[in-house]
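Below is a short briefing on one protein model.

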Amino acid sequence: VHRRVQRKRIEELEGMYRQWGIWAVVVPSIMPPPMPFKIFVLSAGFFRLPFLKFIMAVTLGRSIRYFTWGILAVVYGQLAKEFLEKNVHTVGMVLFLLFVGAIVGYLLMWTRARRKSSQQETV
């Protein structure tokens with residue numbers, strides 16, 4: 001890896017795994033093609049993401065992706081299939097943005113709760 005990838009890029013990826021942990025695998029596992037997923041799988045191993053966390057992250061991400069498609073197929077049938085075939089990239093980006101929005105919302109609520117609890121402790 002060190003021969004083929006610049007050191008700066010390796011450090012950026014390592015920082016991403018330190019900062020985001022399993023989310024660095026969950027989010028790409030939800031995205032439809034042509035989102036490259038293998039690079040995230042390989043880098044998870046390279047940066048020694050624990051195996052159980054890796055399996056849980058991939059299972060969570062792929063479950064979200066395929067259960068969403070399955071629910072749409074059951075509810076809307078052939079119409080959903082045709083729509084998804086024509087709009088796979090748009091649907092993927094909307095799902096991705098909804099997922100990121102949920103994470104940002106959770107992080108904002110978590111930060112506010114920590115800030116509130118730390119203010120109460122100092123009083």
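**Salt bridges, packing and surface**

R7 and E11 join their side chains in a salt bridge, 3.6 Å from N to O (a side-chain nitrogen of Lys or Arg within 4 Å of a carboxyl oxygen of Asp or Glu). This is a predicted model, in which local features need pLDDT of at least 70 and side-chain atom pairs count only at pLDDT 80 or more, while totals for chains, interfaces and linings use all residues. Residues are numbered from 1 along each chain as its sequence is written, and side-chain values use heavy atoms, with hydrogens and water left out.

**Salt bridges in α1**
- The structure holds 2 salt bridges.
- R7 and E11 both lie in helix α1, 4 residues apart, about one turn of the helix (helices are DSSP runs of H or I with at least four residues, numbered from the N terminus).
- R7 is exposed at 56% relative accessible area, and E11 is partly exposed at 44% (buried is under 20%, exposed over 50%, partly exposed in between, with a 1.4 Å probe and protein chains only).
- A salt bridge also links the side chains of R9 and E12, at 3.2 Å from N to O.
- R9 and E12 are 3 residues apart in helix α1, so about one helical turn separates them.
- R9 is partly exposed at 45%, as is E12 at 41%.

**Packing of α1 and α2**
- Helix α1 (residues 7-20) packs against α2 at an angle of about 100°, with the axes 8 Å apart (axes are lines fitted to C-alpha atoms, for helices over the stretch in contact, and angles run from 0 to 180 degrees between N-to-C directions).
- The two helices, α1 and α2, are therefore roughly perpendicular (65 to 115 degrees).
- M16, Y17 and W20 of α1 meet W23, A24 and V25 of α2 (contact means heavy atoms within 4.5 Å).
- S29 is in helix α2 (residues 23-30) and counts as buried at 0% relative accessibility.
- Leaving aside residues up to four places away in sequence, S29 touches F37, A57, V58, G61, R62 and R65.

**Nonpolar patch**
- W20, W23, L60, I64, Y106, L107 and W110 make a nonpolar surface patch of about 660 Å² (residues with over 30% relative accessible area and no salt bridge, nonpolar side chains Val, Leu, Ile, Met, Phe, Trp and Tyr being joined within 5 Å; areas by the Shrake-Rupley method).
- Two or more residues of the nonpolar patch come from each of α4 and α5 (78-122), and α5 gives the largest share, 3 residues.
- I64 sits in helix α4 and is partly exposed at 30%.

**T68**
- T68 lies in helix α4 (residues 51-76) and is partly exposed at 23%.
- T68 touches S63 and L95, not counting residues up to four places away in sequence.
- T68 and L95 are 27 residues apart in sequence and 9.2 Å apart in space, C-alpha to C-alpha.

Methods. Patch = residues over 30% accessible without salt bridge, like charges linked within 9 Å, V, L, I, M, F, W, Y side chains within 5 Å. Areas by Shrake-Rupley, 256 points an atom, 1.4 Å probe, with all protein chains shown as cover. Parallel < 35°, antiparallel > 145°, perpendicular 65-115°, else oblique.
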